[in-house]
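Good morning, and thank you for making time for this presentation. I shall speak about chain contacts, nonpolar cores and aromatic rings.

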Amino acid sequence: MPLKIVDLWFILYRNEPFLFYIMSNINIVDAPPGIEGSGFFATSMDKVIGLARSHSLWPLPFATSCCGIEFMATMGSHYDFGRFGSERLSFSPRQADLLMVMGTIAKKMSPVLKQVYLQMAEPRWVMAVGACASSGGIFDTYSVLQGIDEIIPVDVYVPGCPPRPEAILDGFGKIQELVRNESGRRRDSDQYKEMLASYGIE
Amino acid sequence: MNHNQPVYIDNDPQNELVTLNLGPTHPATHGVFQNVLQLDGERIVSGVSTIGYIHRAFEKIAEHRPFYQITPLTDRLNYCSSPINNMGWHMTVEKLLNIKMPKRVDYLRVIIMELARISDHIICNTIIAQDTGATTTFLYLFQFREHIYEIYEEICGARLTTNIGRIGGFERDFNDIAFAKINKFLKEFPIALREFESLLDRNRIFIDRTAKVAEVSAEQALDYGWTGPLLRSAGVDYDVRVSDPYSSYEDFDFEVPVGTSGDIYDRYLVRNEEMWQSLRLIDQALEKIKLEPAGIFHADVPEFYLPAKEEVYNNMEALIYHFKIVMGEIDAPKAEVYHSVEGGNGELGFYLINDGGRTPYRLHFRRPSFINYQMFAPMSKGMLLSDAIINMSSMNVIAGELDA
Amino acid sequence: MDIAFVIEKFILVTIIFAITLVIAMYSTYAERKVAAFLQDRLGPDRAGPFGILQPLADGLKMFMKEEIIPTNASKWLFMVGPGLAMLTACIGTAVIPWGSPIVVNDRIVPLQVTDINVGILYIFGVVSLGVYGVMIGGWASNNKYSLLSAIRAASQNISYEIAMGLSIIALLLVTNTMSLKEIVDQQHGWHWNIFYQPLGFLIFIICAFAETNRAPFDLPECETELIGGYHTEYSSMKLGFYLFAEYINMFVSSAVMATLYFGGYNYPGMDWVLMHTGPVVGPLIGTAVFFVKIFAFIFFFMWVRWTIPRFRYDQLMHLGWKGLIPLAIANIIITGIVIAIIEKF
Amino acid sequence: MEPLTSKKKILEQKPLTFAERIYLPAIAKGLSVTISHLFKKEATIRYPEVQREFSVNFRGLHSLKRDENGKERCTACGLCALSCPAEAITMIAAERKPEEKDLYREEKYAAVYEINMLRCIFCGLCEEACPKEAIYLDGPIVPSDYLRKDFIYGKDKLVEQPLTNK
Amino acid sequence: MSESINHELIQSLTERFGEKIFGVNEPYGLLTFETNKDIIVSVLEFLKTNTVADFNFLTDITAVHYPEKKHGIAVVYHLHSMVKKVRIRVKVFIDEHNPTIPTLTGLWNAANWMERETYDLFGVKFEGHPDLRRILNMDELGVHPMLKQYPLEDPNRVDKKDEYFGR
């Protein structure tokens, strides 16, 4: 299977310290923190910011169909999305941190979705909830986009049709983990820009 | 994007009107559809609706799937009340195949369909409340949708897109937990519904927002092909369950609530009253089931209904039927059939043409949301923006059903 | 003017400012928790114990978020908007008497930044300025939803200010002074103005809801109609300022209501407490009582928000002009007559 | 319009009484309802820590079953793949070799059995279609993941654990 | 009851339109007949206002494609008389290569979107329709996808990677 740029991006980013280790098996000792680059203060600052962000992810529910109803259930009293600090839905993309794409994205809708993604302020994450958003699901037809990762980068996929609220929360936990471990300046890095460029953004 | 669409020019400084783009991802469009409105201040002068943002080609897929694989598709039409769609489809095929259902299965279906109706109306009415600003009511009633989900899960194993039942019955009998949960629901839900009504029914703010807004006369509603709670709120007591009974609805004693003016408050009242009637229906169905022989959950039609797993193992005939059914090679008459059920939003019709192949030759869904919604743009003329938004939520447009 | 005076005022201002910010911050937390508990939910409970760090997480996140200024926006005004909203919200606290004076080192320190003799007028002036932040922000965004929201906010605030002012006039007939300090002192013990002006208070609190853009009068930002209203286009801390300003406004109007109608720092039996606790602790107990009253009002604000549906724009105007204003005028007349009769006999 | 049925029930809109016109009683009533919920037990299930109980019939992650001797039941007949509306199941059949008699129950078995979890809609039709009781959707929810390719579950993830001490 | 009404209806229809009503059939008790496109509007108007059963409700308009037939597209109308509780189905076969048929928007406003949908999916041009443009699909689609010659999946698709589909 050819490695896509998205995959590369994931490998580079998710396993930053291990990358060289895995790829070359050569024993390279990391420079102690603070010698170069961000340094100690910045990294612990990153941690704090990551922690703060992970507890205050305001989702933009891009709910088009069935999964939207399960999202309502997630918001509802039984699951209470608010526990994670995310009950403040922001329908304005400027204020949102997490784009939750829930439901089928038809080809007619795809420019709208891309537009919404572009309007979001950095840092932004994307979660594809449910079979339709992730891969088209049962709708393998002329009018349905076979997965939103064709037009925007996706961070976490949640399987299910629709996913139970447990699954949505599980995916949300994965996003939180990502947010927590992300370097503060990832968004300025070349790889990230390259990844965006592969989607024709900016 | 849409070349033929009338375009409102907004650059003219002399122009007093403002063009406002409502949707496709506006918070009030629960689902995706777009309305381009021209506003004079806050009053709507004209509007154009664009739909099709989640067109998924249901009818084309249906031509490529055997009958039993269409059930999961129908789940995704009106996903707020998928069991009604499932059952409606099953009944269409049963009509085609001339299968007579045992009474007990009919009653079990009534229970499930009425639960689905309640869950559909919960969504719609709480969304009306939510759009007028009363978020809390939404969360109060939504807890009971969760209970309905539990009942579904006990019977079919899924919460929302249920794929409940099969052509010829149910996949399994209701177990004791399911009955216990239904009884619990019947006990608890009326209290919550009464509380919900006490929060909104006589609250002047709510009445002012909804009463005398978006009034529709019976003639207009019929002209635009409205069905379901919307048509009933306009004063026409048309209900498929009564006028064309299916699934033994003729055995039940219930009322068809109708409104007088067709405004949003009437729609709200009609839906609330229908929830009460649904509770009555479930109650009666539970009583009637006790009189029927226990353990029957499907019709005795081995050529159309999948045999039990042990049978497949030990019985050659069953194995052959099993393979034939799964391959989709059932002997269905070459005919066309129209069957409709009372869905959450109105008459949900299935027009099926079978030519004897594995798959339907043509399957058309009469989707109530699609037909109801076309009146939205003409009727918004002269409304305030806020009214149009509640009007939209009171029409309960489900995008899946709208766009197929 | 001595240096101690400056230091004293400086400390007071700093403390009040800090308290205001902290209360506004934790109002967001309280709002989410109150909403959750009213809705059979739990609310934020992951950030720290019971989610107590939630506001900090939100704040930090917003500080670190990218700022977007829309290309067609009026840049300068776009940036001024949130600051103005925040500023006008904060300066209202200057004339509110937070407690009776305390005595430190033989020096009487009033717990009030300044006791101007037109305190009520000052409050009015500041409150009516508050709408500019919303208006400027909404206008500068160059977004139609924001614009609609700005229009709504402006007309709503102007309309309800009239009713609010009229309800205060009746109060002034009773109190005979415009100094907030004097008004509070008149309400010593149990003589709260709410007992003399119940109708006036009702009008005042309704107008306070409208002035702070809280439900059921949250038309400028009603989510389901206008998405975010005036702050639709704002991201990062500019949005934070707007959200903050709303809670500060709520805090200030709660404080004003407690001052004008609920006796400020007065409570029954305060003489006895003052006698037994001394010149520092005694007044501070009064301050604590004052804050309890404020918190009760803030809770009430939230409780109402999560209960009632909101008005429609024209109904809101209808209520303001045809309901509250005549009622407020009637209130003035009745109050005047009653006072005239009492003075006569 | 004339009544179409005998079951018609007209809901009249009652005009507002004076008490209702002044808003306050309804608001007070509403406030009393909401405040009563403040003292109710909250319905929330603290999900990651507390799991909600699923029904026994819940359709979750698929598992390929083994029989009582620990042999794989699947015979690669392909009915599940055929019955899948999402076309999420892929399988490649292989002939069983004599030495593999303990591993597979029938002469044919699935050498490759892959389910694309992102396409699967958990409808349960494969479970119904299987004549060998080999596939059941009796697992928990499918976990979310970062990469799309990680959702193609092969036999390593799907086949039940073999019977212990063997 | 419905059988006698069906009988009466067909009688009155043939009285009025003669041989242009043909192919009368009653599958599952639902009266079905064919007519041609010249008189379809007047047939439906007659049905809407007649005395036997007033079909005042337009349930549905759709089309079916029979590629092997000469007149390959059947436009199907479902009407409903709520008072008499009878439904009726009217079919008009039209030429696949020149699919035109008069619009019904003059009789029912409900026909508007139903016809637009039929146009979108089958390419049936409803003459006199006030706003005949695609409703569900994008304008760029170019084809009318429900016609049998078009596949379910987009043949030119670029958005589908086989490696993600396990095949």
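Let me begin with a term: two residues are in contact when heavy atoms lie within 4.5 Å. This is a predicted model, in which local features need pLDDT of at least 70 and side-chain atom pairs count only at pLDDT 80 or more, whereas totals for chains, interfaces and linings use all residues. Residues are numbered from 1 along each chain as its sequence is written, chains are lettered from A and ligands numbered from 1 in the order in which they are written, and side-chain values use heavy atoms, with hydrogens and water left out.

Nine pairs of chains are in contact, and chains B and D share the most contacts among them. Chains C and E, by comparison, have no contact, and their closest C-alpha atoms are 25 Å apart.

I turn to the interior. Buried means under 20% relative accessible area, exposed over 50%, and partly exposed in between, with a 1.4 Å probe and protein chains only. A nonpolar core is a set of buried Ala, Val, Leu, Ile, Met, Phe, Trp, Tyr and Cys residues joined through side-chain atoms within 4.5 Å. The largest such core has 300 residues, and Leu99(A), Tyr113(D), Leu47(E) and Tyr77(E) have the most contacts inside it. Helix α4 of chain B, residues 103–132, gives this core its largest share, 16 residues; helices here are DSSP runs of H or I with at least four residues, strands are runs of E with at least two, and both are numbered from the N terminus.

What does Leu47(E) touch, leaving aside its neighbours within four places in sequence? Its contacts include Leu9(E), Leu13(E), Phe33(E), Phe55(E) and Val90(E). A second, separate core of 97 residues includes Ile203(C) and Ile27(D).

Now the rings. Rings of Phe, Tyr and Trp (its six-membered ring) pair if their centres lie within 6.5 Å; planes under 30 degrees apart are stacked, over 60 edge-to-face, and the rest tilted. Over all chains, the count comes to 60 aromatic pairs. One of them, Phe84(A) with Phe172(A), is edge-to-face, at 5.6 Å centre to centre and 65° between the planes. Phe84(A) lies in the loop between α4 (66–75) and β2 (98–102) of chain A and Phe172(A) in helix α7 (residues 165–180), so the pair ties together parts 88 residues apart in sequence. Both Phe84(A) and Phe172(A) are buried.

In chain C, ring pairs link a cluster that includes Trp190(C), Trp192(C) and Phe297(C).
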